[in-house]
Amino acid sequence: MKLAERMSRLGTETAFDVLVRARALEARGRKIIHLEIGEPDFATPSHIVEAAKRALDEGWTHYGPSQGYPDLREAVAEHVSRTRNICVGPENVTIVPGGKPIIFFPMLALLEPGDEVLYPNPGFPIYESMIRFLGAVPVPIRLVEERGFALDLDQLRDSLSDRTRLLILNSPHNPTGSVLSREDLETVAEIVRDRDLMILSDEIYSQICYDAAPFSIASLPGMPEKTIILDGFSKTYAMTGWRIGYGVMPAWLAAAVTRLMVNSNSCTASFTQRAALAALMGPQDDVHRMVAEFRRRRDAFCDGLNSLPGFRCARPQGAFYAFPNVKATGFNSDELAERLLNEAGVACLSGTAFGACGEGYLRFSYANTYQNLMQALERIGAFLAKARVPAAASG
Ligand code: PLP
């Protein structure tokens, strides 16, 4: 028996592969500094954990509604209405196990084979994986480093066709940490306003930002009808392992996504939803503390990267990733990431893990302790001081 053809079109997330390889090195006694995986290194705030324990004791251990519990959907609608300055209700919300299903399910509901999807490159690898899996056509839109990794708006304009059905935006952005400006989003909205397409706005890092709150394209007139907001609890509340997130979208699409939930997960875990409700309704001090600590690390780590020979790192405005340009080291990205893991004991990702436009960059997650980050910089510096650039890579 062989796998269906579509499985050959399904990609992966390299971070999980690198983690496995780093762990194998550790099993052989090496000390590895983990800067590859994208999850906060903080504990889930204790009042959220307590809410989950209470929910288990109270018997929230059965199936729940496939769209999510009404009180949680109400709280999400209120939160999103307030933070995006729009008016959405519980009928617009579907609760799902993590943010990722809001990439998969709306695409499954909307795309026919041959439809075209515009998406940022470099970008979260699951976008391209899902587009290809569904037989749709991936149309990458470059990010421009000189404009703080903003979208290339001319390329966006030129890439639209009669087959374009979906535009994916991600701000704050993985892997570059860029935040799309209101001006750029107004331009994007003008470009797509009269087109028969939807926008998937991946806002999973919406609360992890260092300047003004990120602007959502859904906040612009006429856009809520065209936009699917992906957000959740994984990053904001350090809840990656709880598997809970949500999508906010027009009610007709929320109903379709709910039907996909009935057919796949049945529902998101009931006690997890009680914890998520406590997260949204409870104190936000832990979130503020976490973001302040990320900011401290960002500043020191980016300064450190900029002092390394051949490295140039723009200061990210959101998320918890640094995405330095390493072209001047003479290494290509894959080679440098590989050698940093094996020879310096620093696990990071090659920019190419985020698409072809990631060549020449590395991604470091600074969701690790300040001390480890400083040690990683020392190790990378020591490696660069003695490493020989391979002839082929140095060109
Ligand atoms: N979108 C982006 C841009 C991400 O970086 C991630 C996780 O790394 C997700 C979505 C998925 O989040 P979750 O773990 O909640 O499924």
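How much space lies in the largest pocket? I started there, keeping in mind that this is a predicted model. The answer came out at about 560 Å³.

**Entry: largest pocket**

Sorted by class, the lining of the largest pocket splits into 13 nonpolar, 7 polar and 9 charged residues.

**Entry: second largest pocket**

By class I noted 6 nonpolar, 5 polar and 2 charged residues in the lining of the second largest pocket.

**Entry: cysteines**

How many disulfides does a search of the whole structure find? My search turned up 0. I looked at C357 in particular: the nearest cysteine sulfur belongs to C313 and sits 18 Å away. A disulfide needs the two sulfur atoms within 2.5 Å, so C357 is in no disulfide. I also checked accessibility. C357 is partly exposed at 32% relative accessible area, while C87 counts as exposed because its relative accessibility is 77% and the cut-off is over 50%.

The largest nonpolar core has 90 residues, and F233, F311 and F364 touch the most other members.

What does F311 touch, once residues up to four places away in sequence are left out? I wrote down L305, N306, P324, N325, V326, T329, L336, L362, F364, I380 and L384. F364 on that list is also one of the residues that touch the most other core members.

There is a second, separate core of 24 residues, which includes F149, L160, L180 and L185.

Most residues other than glycine have a negative phi, and most peptide bonds are trans. I went after the exceptions.

Which residues does a cis peptide bond join, with omega about 5°? That bond is between N121 and P122, and P122 sits in the loop between β3 (116-121) and α5 (125-133). Another cis peptide bond joins S171 and P172, with omega about -10°. I placed P172 in the loop between β6 (164-170) and α7 (182-192).

For phi, I flagged F149, with a positive value near 60°. F149 lies in the loop between β4 (137-144) and β5 (150-151). Is F149 buried or exposed? It has 4% relative accessibility, so F149 counts as buried, and F149 is included in the second core noted above.

R243 also has a positive phi near 60°. Its loop runs between β8 (227-232) and β9 (245-248). R243 is partly exposed, at 36% relative accessible area.

**Entry: two loop residues**

Where is P250? I found P250 in the loop between β9 and α8 (251-263). Its relative accessible area is 9%, and buried means under 20%, so P250 is buried. Leaving aside neighbours within four places in sequence, P250 is in contact with N92, M198, P224, E225 and T227. I also took a distance from P250 to L336: 86 residues apart in sequence, and 44 Å apart in space, C-alpha to C-alpha. L336 is on the contact list of F311 too.

Last up was A213, in the loop between β7 (198-202) and β8. A213 is exposed, with a relative accessible area of 66%. Between A213 and I126 I got 87 residues in sequence and 25 Å in space, C-alpha to C-alpha.

Definitions and conventions: Residues numbered from 1 in each chain as written. Predicted model: local features only at pLDDT ≥ 70, side-chain atom pairs only at ≥ 80, totals over all residues. Heavy atoms only, no water. 1 Å grid on protein atoms, 1.4 Å probe; cavity = no way out; pocket = protein on both sides within 12 Å on 5 of 7 lines; lining within 4 Å. Points joined across faces, edges and corners; volume = space filled by probe spheres on them. Nonpolar A, V, L, I, M, F, W, Y, C, P; charged D, E, K, R; others polar. Buried < 20%, exposed > 50% of the residue type's maximum accessible area, 1.4 Å probe, protein only. Core = buried A, V, L, I, M, F, W, Y, C linked by side-chain atoms within 4.5 Å. Contact = heavy atoms within 4.5 Å. Helix = DSSP H or I, 4+ residues; strand = E, 2+ residues; numbered from the N terminus.
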